Amino acid sequence: DHGNTKDKYSYAKRLVDLLMPLCDVYSGNYFGFYLDISRVVDIIMRFNFSGEISVVEDKLNDVIASAMSKREYSWISRLSSLLHYLSYQHKQKQIKQSSIDQIIHYLSQIMEQYADERNLEIFVNASLELIKWYKAEKFSDDDINKVLIGIGEAYEVESCYQGGRKEKSHFVKAHFLEKAVQHYINIGENSRIPKLKLEIKEAYKQAGKAEIKEVSTGFDISTETINAEIDKFRSDNIEESLQLLSRTNYFLPIKDNIIQVTREIDKEAVLTKLLNVQFVYGDRKVFQSESEEETFKVNFYRTYDLELQIKFGVFYDAVWEALLKNGLRANHAIDRITSWQYMNNDSRFIVEQGVLRMFDEDYISAIHILVPRFENCFREFFECGGYPTTSIKSKTVQHEQNFNDFIRNDFVKSNICDDLLFFISFVMLDDLGYNLRNNVAHGLSTLEQFNRVTALIVLYLFFLLTNLEWTSSNTV
């Protein structure tokens, strides 16, 4: 690519002359042949050495026929690609029609033999090559679509065949069905997708029953440590203890600290950076990492979740239990939350019902009541501060912004600290978090989510929210 044009042409011609004889000495060594012939094809096409095309064409035809006779199908697609590159220049055909007909025949044969070979990679590569030839040779759209649909159907077959393994995996089945769905989306074959979506959900559901193992790590927290936490919230009367517990950010996770912890963990877990991580909730895959950054994001969310489980499943729960033994009742928590000046009467009544259910240990009802009401109270707080919670889409009709969009408004981010916003997002909105708002609203929550720790986290969110107030300058 550098230097005098005349010199480059001479060097290219000389290189072709040197490589051509080498292409004849690879008896059955398709890899060596492929390396040299691909270099030759590249040079003669770039420098328009049209006199060499027929020679290279014959060499490719001979080796393709040899590979076909030896059932070395994986090389056919690679060599076909070189032949295709050689075939057309400025929309002019440069090789014999018989060579084109022959490679199309070979590729079609490979596809027909897929039922016996069951090699998905070879089948897909041959199909994609055949489509290239069909398009170049102006085959009908029906012929092309038949091949395209065949690729999707091959993914469906592989979801059950799975390389012939005896023990089938539901995760593997879901993987190939998802590839089929993505392929059908790409080619516009949408009528096949609804059935596959149901099959994918069923595959994940079965995988959850048979292929997911619960891994737990034990650690000791001394009674002295837990008692020390409880002592921080002891007072002469229960009302003061509740004020100490509910007016503090002590249990709010610090996002930057958890990011740093995750980075330290990642330094010791090099292998996980090389893996794609899937996040499955119930019968749905809700996230899949495709990069090192996305894998770090998954690890960060896991670390954040662990922080919450320790803070609330151990320490906050222990403090709460101590307060219950010392006389904490539902009316104390209700009065503490509903005395907030920015809460309307409807919300006061509904929150009261949710807290009552919580103290009755009916966590299913409590969470179903409190989670959607938290969103409403959050919106009302900003309305009281003079900020809109709606968007106008058409004909001046106002629609409430969905919670995901609302929480990203600049006026929200400028008034609520990042740690609290992320805490809300993790618990209420994020697929990698608890996603309570969406799971509860759409009936997607698993039974495991309805427990005392989750209820305590939601109640703590109400405590944090009701600590906020507007100043005269409309800032929090």
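Which residues in α8 meet which residues in α9? The model is predicted, with local features requiring pLDDT of at least 70, side-chain atom pairs counting only at pLDDT 80 or more, and totals for chains, interfaces and linings using all residues. Residues are numbered from 1 along each chain as its sequence is written, and side-chain values use heavy atoms, without hydrogens and water.

From α8, Leu 148, Ile 149, Ile 151, Gly 152, Glu 153, Tyr 155, Glu 156, Glu 158, Ser 159 and Cys 160 meet Lys 173, Phe 176, Leu 177, Lys 179, Ala 180, His 183, Tyr 184 and Ile 187 of α9 (contact: heavy atoms within 4.5 Å). This contact comprises ten nonpolar, three polar and five charged residues (nonpolar: Ala, Val, Leu, Ile, Met, Phe, Trp, Tyr, Cys and Pro; charged: Asp, Glu, Lys and Arg; polar: the others, Gly among them). Helices α8 (residues 141–161) and α9 (residues 170–187) pack at about 170°, with axes 7 Å apart. Axes are lines fitted to C-alpha atoms over the stretch in contact, and angles run from 0 to 180 degrees between N-to-C directions. The pair is therefore roughly antiparallel (over 145 degrees). Helices are DSSP runs (H or I, at least four residues), numbered from the N terminus.

The structure holds 24 salt bridges (a side-chain nitrogen of Lys or Arg within 4 Å of a carboxyl oxygen of Asp or Glu). About one helical turn separates Asp 17 and Lys 13, because they lie four residues apart in helix α1 (residues 5–22).

How values were computed:
Helix = DSSP H or I, 4+ residues; strand = E, 2+ residues; numbered from the N terminus. Parallel < 35°, antiparallel > 145°, perpendicular 65-115°, else oblique.
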